[in-house]
Amino acid sequence: MNHANATAGGTYRLRHRRKRQRRTLMIVALACIIGGLLPLAGILIVQGVNSTSQGRQATTVERQVQAWPAVDQKSMIEQAQAYNRRLAEGGQSHIGATESGNGEADYTGKADPEYTSLLAGVQGVMGTIRIPKIGVALPIRHGSGNDALNNDAGHLYGTSLPVGGKSTHAVITAHRGVPDKELFTRLDELKKGDVFYLNVAGGTLVYKVTRVQETNPSDTSLVRIEQGKDLATLLTCTPYGVNTRRLLVTGKRVSMPDDAPNIEDAPQDRKPLLVGAGTSLTVMFVGCSLIPPEKHVQGLHMKGFAH
């Protein structure tokens, strides 16, 4: 009898030790998972906050310009159209940068006073870019210098101003892979047939993607004006984190709502929903894993039938 009790006791202690080891391993594994998810969650939260702020700024700019007198809006567009005609006729001698007074490359466009005076809207913002599929809503600023691209999108100097028209090709550029901002990070998700919207001087232009290409940074052939066409290209660095080449998403202007949906009806970004669902499931999994199992007392269910 004593031998049987000793054997049973040893078996119980072995099972208890194994159970304790499994629980320790589970806690360590969960700690690793949480430790890995926390930085990612922090980045996503910061990006989400900044994207919301940029979207609000874009909306504010649009509303303020829309409230301007129609005559002022028309004048802005006509001046930009005249600039675009001269640009097309002149052959686009400088794309991306021009020389500043000290002979250095100027990506801001400030060396060209006429350029910076055109489409100078609220707080100097040229317009806005919206890409509903990837949740982008950004103000567009003149040039592609740091002052433009640190927080918003920029207009590539030497390309058409974004007011549309035959023989125009506007290029909008933004960073990719910035830790605290999304900007054009997800531009590679756009495919042929997707749409993006430019809001300038109170009007909205819509472009449907017709080609997605990569090129070298020094190659400007894909962003030049094409005779008779109304084009817009979104430009950013690629591959992600390497940035040795350039990704170009080019769209042809189409009409709303015949060829493309109105902006409020366009397919929307599903990332916030997916991230929220994933976070909720992870929290539920971690929480359930840490709840200790209910202890089962043998014979307890027969208590009411004891003699």
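**A chat about the chain**

Tutor: Happy to. This is a predicted model, and its chain exposes about 17,800 Å², with carbon and sulfur atoms supplying 57% of that area.

Student: How many helices and strands are there in the chain?

Tutor: The chain has 5 helices and 10 strands.

Student: And what share of the residues is buried?

Tutor: Of the 307 residues, 37% are buried. As for contacts with a separation of 6 or more, 66% are between residues 24 or more positions apart.

Student: Changing topic: what volume does the largest pocket have?

Tutor: About 430 Å³. There are 22 residues lining that pocket, and the closest to its centre are Ser 144, Leu 156, Pro 217, Leu 235 and Arg 246.

Student: How does the lining split into nonpolar, polar and charged residues?

Tutor: You'll find 11 nonpolar, 9 polar and 2 charged residues in the lining.

Student: Which helices or strands supply at least two residues of it?

Tutor: Helix H4 (146–149), strand S9 (230–238) and strand S10 (245–254) each do. S9 gives the most, with 3 residues.

Student: Let's stay with S9, then. How many of its residues are buried?

Tutor: 9 of its 9 residues are buried.

Student: Which residues sit on each side of S9?

Tutor: Asp 230, Ala 232, Leu 234, Thr 236 and Thr 238 are on one side, while Leu 231, Thr 233, Leu 235 and Cys 237 are on the other. Both faces are covered, and all of these residues are buried.

Student: Why do the residues alternate like that?

Tutor: Because in a regular strand the side chains alternate between the two faces of the sheet.

Student: Got it. Does S9 pair with S6 in the parallel or antiparallel sense?

Tutor: Parallel: strand S6 (residues 168–173) and S9 pair over 6 bridges. If you want a spot to look at, His 169 has Leu 231 in S9 as its bridge partner.

Student: And how do S9 and S10 run, parallel or antiparallel?

Tutor: Antiparallel, with 8 bridges joining S9 to S10. Leu 234, for instance, has Val 249 in S10 as its bridge partner.

Student: What do S9 and S10 form, and how many residues are between them?

Tutor: They form a hairpin with 6 residues between them. In the turn, Gly 241 has a positive phi of about 85°.

Methods. Residues numbered from 1 in each chain as written. Predicted model: local features only at pLDDT ≥ 70, side-chain atom pairs only at ≥ 80, totals over all residues. Heavy atoms only, no water. Helix = DSSP H or I, 4+ residues; strand = E, 2+ residues; numbered from the N terminus. Buried < 20%, exposed > 50% of the residue type's maximum accessible area, 1.4 Å probe, protein only. Contact = heavy atoms within 4.5 Å. Areas by Shrake-Rupley, 256 points an atom, 1.4 Å probe, with all protein chains shown as cover. 1 Å grid on protein atoms, 1.4 Å probe; cavity = no way out; pocket = protein on both sides within 12 Å on 5 of 7 lines; lining within 4 Å. Points joined across faces, edges and corners; volume = space filled by probe spheres on them. Nonpolar A, V, L, I, M, F, W, Y, C, P; charged D, E, K, R; others polar. Pairing = 2+ DSSP bridges.
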